[in-house]
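This report describes a few selected residues and their surroundings. The sequence and the structure come next, followed by the description.

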Amino acid sequence: MNRDPARPGPTRLQQRFGPRAGSVRADGKSSGFGRLVVVAYGVFSLSAGVRSLYQILTDFGAAPLPYLLSAFAAAVYVLATVALARPGALWHRVATAAVLVELVGVLGVGTLSVLAPELFPEESVWSGFGRGYGWVPLVLPVVGLYWLRRSRPSGGA
């Protein structure tokens, strides 16, 4: 394969794993800062999912409500991760809905865990407004909604 050194072109790795020829993202939702948001959601979906699965399998009887809430949080994070990474107005609406559910969840569970701590003998991801995760679960949906608003598709989602 002869290539002109002045025009390097894509490497084999880029050819194999890069975007398909002619494909252009219609939105900026998962580029630049959006990639960081997608990665943060991916990390939280993994950490919340593994934590809740371990807790449910090993000690479900000790605190079923917090463990099930953690599993629900993990499912919301997975949906948000996928929707944030996908292009298009429909996925933008799904991501917005998932992040709004997350925000309502962290505010609701956080408030409930403070007002009725007896319901939470063990912490969930959203207990204490995400205290066990450095309050990132409280900040992440605000950042996610900000990014979704900035990267809204031109069709108006």
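Ser 113 is part of helix 4, which covers residues 89-115, in a model that is predicted. With a relative accessibility of 12%, Ser 113 counts as buried, because buried means under 20%. A polar atom of the Ser 113 side chain lies 2.8 Å from the backbone oxygen of Gly 110. Leaving aside residues up to four places away in sequence, Ser 113 touches Phe 120, Ser 127 and Gly 128.

Which side chains meet in a salt bridge? Those of Arg 131 and Glu 123 do, with 2.7 Å from N to O. The count of salt bridges comes to one. Arg 131 is partly exposed, at 43% relative accessibility. Glu 123, at 25%, also counts as partly exposed, because that class lies between under 20% and over 50%.

Ala 75 belongs to helix 3, made up of residues 64-85. Its relative accessible area is 46%, so Ala 75 is partly exposed. Between Ala 75 and Leu 46 there are 9.7 Å in space, C-alpha to C-alpha, and the two are 29 residues apart in sequence.

The table gathers the accessibility values.

| Residue | Relative accessibility | Class |
|---|---|---|
| Ser 113 | 12% | buried |
| Arg 131 | 43% | partly exposed |
| Glu 123 | 25% | partly exposed |
| Ala 75 | 46% | partly exposed |

Note on methods. Residues are numbered from 1 along each chain as its sequence is written. This is a predicted model: local features need pLDDT of at least 70, side-chain atom pairs count only at pLDDT 80 or more; totals for chains, interfaces and linings use all residues. Side-chain values use heavy atoms; hydrogens and water are left out. Helices (H or I, at least four residues) and strands (E, at least two) are DSSP runs, numbered from the N terminus. Buried means under 20% relative accessible area, exposed over 50%, partly exposed in between (1.4 Å probe, protein chains only). A polar contact is a pair of N or O atoms within 3.5 Å; within protein, one must be able to donate a hydrogen and the other to accept it, and residues adjacent in sequence count only if both atoms are side-chain atoms. Contact means heavy atoms within 4.5 Å. A salt bridge is a side-chain nitrogen of Lys or Arg within 4 Å of a carboxyl oxygen of Asp or Glu.
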